[in-house]
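Hi everyone, thanks for coming.

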Amino acid sequence: MSPIPGLVGRLVAGPTAAVLTKRQVTRDDVAHALTPTEEQRTILIVIGVYVLAILVLWNIPYINMILLPFKLVTVALHEFSHAAAGLCTGARIKSITIDPDEGGLTRMTGGKWCCVMPAGYLGSAFLGALMVFAGFDVLASKI
């Protein structure tokens, strides 16, 4: 007999009925759900190595020039994120300037200041994370 009485019990009788019964969640269930898979563990290790390498390279004089192209790409993504938020809120973009000294400026008229200002940090962080994770998928890395 199905653990669910009535018509519903007869409709879902069989293997589905076992899923619908109440079950106590144990500590082992939680630990299993939170344990990363082998692929996830590899991704976390690679991200950790990236972070350590950047921290080391960022603070050593002359060697930190290795990171200059990546810093300029980050500045460009930051400024383009400001511009995208400006366009989405009705701004007119006048110019985007990327300075070789790792600075940038997006000039626009109009738009919503409260949306445009945080978009630089949020957009560049989001796009950078997408690039890192796309590196683990052959198809995504080609897009």
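**Starting from Leu72**

Okay, find Leu72 first: it sits in helix α5. Keep in mind that we're looking at a predicted model here.

So, is Leu72 buried, exposed or partly exposed? It counts as partly exposed, because its relative accessibility is 25%, and the buried class stops at under 20%. Now look for Asp99. Along the chain, Leu72 and Asp99 are 27 residues apart, yet their C-alpha atoms are separated by 8.2 Å.

Let's zoom out. The chain has seven helices and two strands. If you read from the N terminus, the order goes α-α-α-α-α-β-β-α-α. Of the 143 residues, 17% are buried.

How confident is the predictor? The mean pLDDT of the chain is 83, with 83% of the residues at 70 or more. Among the elements, strand β1, residues 92–99, has the highest mean, 95. At the other end is helix α1, residues 6–11, where the mean is the lowest, 52.

Next, helix α6, which covers residues 113–134. It's 22 residues long and spans 31 Å from first C-alpha to last, close to the expected 32 Å. Where is the kink in α6 centred? On Ala119, and the bend is about 45°. Ala119 is also one of the buried residues of α6, along with Val116, Gly120, Gly123, Ser124 and Ala134. Here's a handy bit of background: an α-helix has 3.6 residues a turn, so residues three or four places apart point the same way.

What does the record say? UniProt, in an unreviewed entry, places a "transmembrane region" at residues 43–63 and at 119–140.

Last stop: the largest pocket. Its volume is about 720 Å³. It has 20 lining residues, and those nearest its centre are Ile54, Phe70, Thr74, Gly128 and Val132. Which helix supplies the largest share of the lining? That's α4, with seven residues. Helices α4 (38–59), α5 (68–88) and α6 each give at least two residues to the lining. That brings us back to α5, the helix where we found Leu72.

Notes. Residues are numbered from 1 along each chain as its sequence is written. This is a predicted model: local features need pLDDT of at least 70, side-chain atom pairs count only at pLDDT 80 or more; totals for chains, interfaces and linings use all residues. Side-chain values use heavy atoms; hydrogens and water are left out. UniProt positions are given in the numbering used here, feature names are shortened, and annotations may be inferred rather than shown by experiment. pLDDT is the predictor's confidence in each residue, from 0 to 100. Helices (H or I, at least four residues) and strands (E, at least two) are DSSP runs, numbered from the N terminus. The expected span of a helix is 1.5 Å times one less than its number of residues. The bend at a residue is the angle between axes fitted to the seven residues ending there and the seven starting there. Buried means under 20% relative accessible area, exposed over 50%, partly exposed in between (1.4 Å probe, protein chains only). On a 1 Å grid over the protein atoms alone, a cavity is a set of points where a 1.4 Å probe fits but cannot get out, and a pocket is an open set with protein on both sides within 12 Å along at least five of seven lines; lining residues have an atom within 4 Å of a point. Grid points are joined across faces, edges and corners, and a volume is the space filled by probe spheres set on the points.
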